[in-house]
Amino acid sequence: VLEGKPGGKCVALRADMDALPVQELNDVPYRSKNENMHACGHEAHVAALLGAVKILKEHTDEFTGSVKFIFQPGEEGPAGARYMIEEGVLQNPKVDGIFAGHTGSAKPYMTKGQIGITYGPAMAASDLLTFTVKGKGGHGANPSGAIDPIVAAAYIITALQTAVSRETSLKDPAVLTVGVIQGGTAANIIPDQVIFKATLRTLTNEMREYMRKRVGEIAKGVAQGLRVECDYVIDAGYPPVVCNDAMTDIVKGAAEKIVGAENVQVQSPPDMGGEDAAYYFAEVPGTYWNHKSQDPDMAPHHNACFDIDDSTLWSMTAVMCQTALDFLAK
Ligand SMILES: [Zn+2]
Ligand SMILES: [Zn+2]
């Protein structure tokens, strides 16, 4: 925490800092040696935020309030943001607003050095759904003596697609993908049960709740008609990342001062991937912004050849500093 002049608000700047279990293939002097690499640019976030610490430290007599610098582990996996919140990162001093930036590929229509901002939903909530369809096993030649969970599971999976295609609008979309289906051992055996797993992606808490309820109703309704039982379990992933409009306006104004209005883009459509910054935004006003640091031919995020152009990094630091100052001045 950096204290400016007494009083005022507290603004938080967040950098996630974790790496991924990927063996780096880049032939560069800073190549990772331990089979983990920063394939998402989080080390650049750390560098950019350290730069902001250094610069703002030299100007503490020019702002009122405080700046909290959050170096956060575990964004790619176990919800590091949630653990940090539970351990009090948003208290003492109490954080009034938070900004989280990400560098890398950003949107394909953006060019290197541009800043992307978002109003409203930026990234999706992800839930893992596991369905268990229970029938009664038997001989494949005598289906009337059994209750076939394979046929039932096929109907349930098909019917579930209508939750997205018939019940959501383009204004509040959802994605439901069944990526695992397991059941049976031989062609002439009707198994006792089938298990299938799906990922559910939604952009608002309202649609998330609606879809969680509807997939259960559809699955159980079809199951009842086909004489099987269908139970399902939801493993909740990250909540949706929803940006606060007033906070996005602050990044917009700050970024325009740094890179010019022509290099600030409003991003759309939202990204159906997830981000644990969602946990901060559920507690305090916040926004998520992107910093494009790649040319079109560079490797995508999470790829073993991922890299960024370091010469762009200054503007990530500069936007961090400017957003903090503009927030505190409001
Ligand atoms: Zn990542
Ligand atoms: Zn990332």
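Tutor: Let us begin with two histidines: H42 and H102 are both buried, where buried means under 20% relative accessible area, exposed over 50% and partly exposed in between (1.4 Å probe, protein chains only). The model is predicted, so local features need pLDDT of at least 70 and side-chain atom pairs count only at pLDDT 80 or more, while totals for chains, interfaces and linings use all residues. Residues are numbered from 1 along each chain as its sequence is written, chains are lettered from A and ligands numbered from 1 in the order in which they are written, and side-chain values use heavy atoms, leaving out hydrogens and water.

Student: Which protein donors does the zinc ion (ligand 2) have?

Tutor: Donors are N, O and S atoms within 2.8 Å of the metal (3.2 Å for Na, K and Ca); water is not among the atoms, so sites may look incomplete. Here the zinc ion (ligand 2) has C40 (SG), H42 (NE2) and H102 (NE2) at 2.1 to 2.3 Å. H42 lies in helix α1 (residues 42-57) and H102 in strand β4 (residues 97-104), 60 residues apart, so the pair links distant parts of the chain. Helices (H or I, at least four residues) and strands (E, at least two) are DSSP runs, numbered from the N terminus. The donor spacing in sequence is C-x1-H-x59-H.

Student: Which residue coordinates both zinc ions?

Tutor: C40 coordinates both ligand 1 and ligand 2, and these zinc ions are 3.1 Å apart.

Student: How are the helices α5 and α7 oriented to each other?

Tutor: Axes are lines fitted to C-alpha atoms, for helices over the stretch in contact, and angles run from 0 to 180 degrees between N-to-C directions. Angles under 35 degrees count as roughly parallel, over 145 as roughly antiparallel, 65 to 115 as roughly perpendicular and the rest as oblique. The axes of α5 (residues 245-259) and α7 (residues 313-329) come within 8 Å and cross at roughly 130 degrees; the two helices are therefore oblique to each other.

Student: Which residues of α5 and α7 meet?

Tutor: Contact means heavy atoms within 4.5 Å. Among the residues that meet are I250, A254 and I258 in α5, and A318, V319 and F327 in α7.
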